Amino acid sequence: MKKIFEAPKSLKPNLFHYCPGCGHSIIHRLVAEVIDELGIQERTIGVPPAGCAVLAYNYFDVDTGEAPHGRALAVATGLKRVLKDHVIFTYQGDGDIAAIGTAESIHAANRGEKITAIFVNNGTYGMTGGQMAPTTLPGMGSTTTPGGRDVARDGAPLDLTKMMAEAKGSVYLERVSVATPKGIRKAKKAIKKAFQVQLDGLGFALVEVLSPCPTNWKMDPVAAYEWTDKEMTKIFPVGVIKDITGYDKD
Amino acid sequence: MAKQLMRGSHVLGEAAVRAGCRYYFGYPITPQNEVPEYMSSRMLQVGGTFVQAESELASINMVIGAAMAGARVMTSSSSPGISLMQEGISYLAGLELPAVIVNVVRGGPGLGNIAPAQSDYFQATRGGGHGDYRTIVLAPDSCQELCDLTFKAFDLADKYRNPVLIMGDGMMGQMMEPVEFPEPIDPASLPAKDWTLSGAKGRPSRVILSLLLNPKVLEDHNFKLVRKYDAVTREETDWEEYLLDDARQVVVAYGTAARIAKGAIKRVRQMGLKVGLLRPKTLWPFPEKPLKDLTRVVRQLLVFEMSAGQMVEDVKMAVEGQAQVHFYGRPGGVIPTPDEVAHQISHYYYQAGLMEGDKPSKRHGGVA
């Protein structure tokens, strides 16, 4: 009998600690599937963030090295400069990559580091309990924005991926969402392309993944997925933000 | 190999390259800019990697990444930049990663100035960042020693899987002295490391982490580090003894201050004062035992630092009340002259009645 579905080799057989409905579980699986399909498990090194995904090394069956909060792309730079033939990816949340780690992230992109960044945007600080993130939507509730994010008081959401497009070393930037089955398929395609960019030595690649956080949004999973699909995409529209890979010309 | 006349900053860079360092990450800050400048061209020559990072924060985290990959890696900075690196240094210690960090110390606090100082002693020897950890701290006092201790720093870092700090100052970075370099080490000839991230090929996947959520597990890790630090203290404590045989008073100073103190001691020796010098070459581990042993015959110590008084606390702890510990310090980047220090030495020497015939005693200048 033909096996048509199985767990990715690049995921350890551990149960995810993520909350019910959390997008991390889906995104982990997509990254692992891509690593399997590209046949790079033995030469891939992951750099997990501080945040909910800090325990990513319990799931990804590849070498992983912990980075201080926000510094994943600097740590990844050090790794990649030594291990030029290896595949280095970071897995970072919005607070990690777009607040505390903004400088490290923009400059890694600007240097054109041959690294793949997976940027999980759920509009909240999940691990610390739902404080305002750089990507929290206007009016969206958080434990540090009484009455919801007030742009005049708290600033507006930051579109880091768009900022990265200005960095000359970034080659491929795409925003995707895992809120719908169609979105998940697109997300996997984008993640695979972002790894391919690194394998081809083209430069910096990043996939921003809009991802629900039912627990901190105080929604049930179904409502959270709908909200991701309908509301988050208004501020963070999905689609290719930059692509100078030249792949499509073929 | 013939001696070469070189400035300290270049000595440091050349010694690092010869010690097998092929990765340097740094950010400009005075008075150490000659180090990244030297490394930027030297790394090109030897096929190494130089990255000018966007900040010291980024530099130290690039160091973390390169260390995870098993490379001999270095960064350098000066006081404010080293403050920024403390987060990363704490991680290096927690992750047990080898790295060499050079602090060309300048006057502080805050922006301070760019003159030579020793005011980062506390920061260096107490860890500087968060958590229970130690960094090995080496304090050279000449260009030759800068070369030798840079070699040693890489060896110690690898041997103990721990960050090693080299403490210099702007004086040491700028001064030119003849140096004899050891033969270069081929990085490929260094012993293989069995703990690095290299891809899970033919072995289970590996993780380098410091997040240990279970308190018992973290306590075990902390105690493992303590045992390592104990071994470092036993094996690696290093100091120089200068004219101690007949000394009735001993100056304790390190680095540039020790050079000045030697000049001062030569002057007072001509006046018949029996004064010696104990110069810590490792600031951590601190040479506590030789200092304590000294108090069997010497009861007068003068700690001299280019700071408001930092190492003096370690000296007091080391002698456990068995000697009088005086202090003379010039903070803020002021460089005292040997005459000035000689005046301080003689002041305390006469005050304690240490001159021949003043008060014959086996224990010179007793504290009783």
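Author: Start with the spacing. In this predicted model, the centres of domain 1 and domain 2 of chain B lie 28 Å apart, taken over C-alpha atoms. Domain 1 of chain B runs over 4–236 and domain 2 over 240–351. Their contact draws 28 residues from domain 1 of chain B and 22 residues from domain 2 of chain B.

Which elements of domain 1 of chain B give two or more residues to the side that touches domain 2 of chain B? Two are strands: S6 (136–138) and S7 (163–169) of chain B. The others are helices of chain B: H5 (121–125), H7 (170–174) and H8 (215–236). H5(B) gives the most to this side of domain 1, with 4 residues. By residue type, the side of domain 1 of chain B that touches domain 2 of chain B divides into 15 nonpolar, 8 polar and 5 charged residues.

Now the packing. The largest nonpolar core has 188 residues. Both domain 1 (4–236) and domain 2 (240–351) of chain B give residues to this core, so the core lies between them. Its largest share, 9 residues, comes from helix H3 (residues 56–68) of chain B. Four residues have the most contacts inside the core: Val100(B), Val251(B), Ala261(B) and Ile118(A). In soluble globular proteins, nonpolar side chains tend to be buried together.

Ile118(A) takes us to chain A. What does Ile118(A) touch, leaving aside its neighbours within four places in sequence? Its contacts are Ile27(A), Val31(A), Phe89(A), Thr90(A), Tyr91(A), Ile191(A), Val207(A) and Val209(A).

Next, the chain around Ile118(A). Chain A has 9 helices and 9 strands. Its radius of gyration is 17 Å, close to the 18 Å that the globule rule gives for 250 residues, so chain A is as compact as a globular protein of that length. Along the principal axes, the C-alpha atoms of chain A fill a box of roughly 50 × 50 × 35 Å. Of the 250 residues in chain A, 56% are buried. Contacts also reach along the sequence. Among those in chain A between residues at least 6 apart, 68% join residues at least 24 apart.

Last, confidence. Chain B has a mean pLDDT of 96, with 97% of its residues at 70 or more. For the complex, the predictor gives an ipTM of 0.97 and a pTM of 0.97. Where pLDDT is low, the predicted coordinates should not be read in detail.

Key
Residues are numbered from 1 along each chain as its sequence is written. Chains are lettered from A and ligands numbered from 1 in the order in which they are written. This is a predicted model: local features need pLDDT of at least 70, side-chain atom pairs count only at pLDDT 80 or more; totals for chains, interfaces and linings use all residues. pLDDT is the predictor's confidence in each residue, from 0 to 100. The radius of gyration is taken over C-alpha atoms; the globule rule is 2.2 Å times the number of residues to the power 0.38. A residue is buried if 20 or more other C-beta atoms lie within 10 Å of its own, exposed if 12 or fewer, and partly exposed in between; C-beta atoms are placed from the backbone. Two residues are in contact if their C-beta atoms, placed from the backbone, lie within 7 Å. Domain bounds come from an automatic or database domain assignment. Ala, Val, Leu, Ile, Met, Phe, Trp, Tyr, Cys and Pro count as nonpolar, Asp, Glu, Lys and Arg as charged, and the others, Gly among them, as polar. A nonpolar core is a set of buried Ala, Val, Leu, Ile, Met, Phe, Trp, Tyr and Cys residues joined through C-beta atoms within 7 Å.
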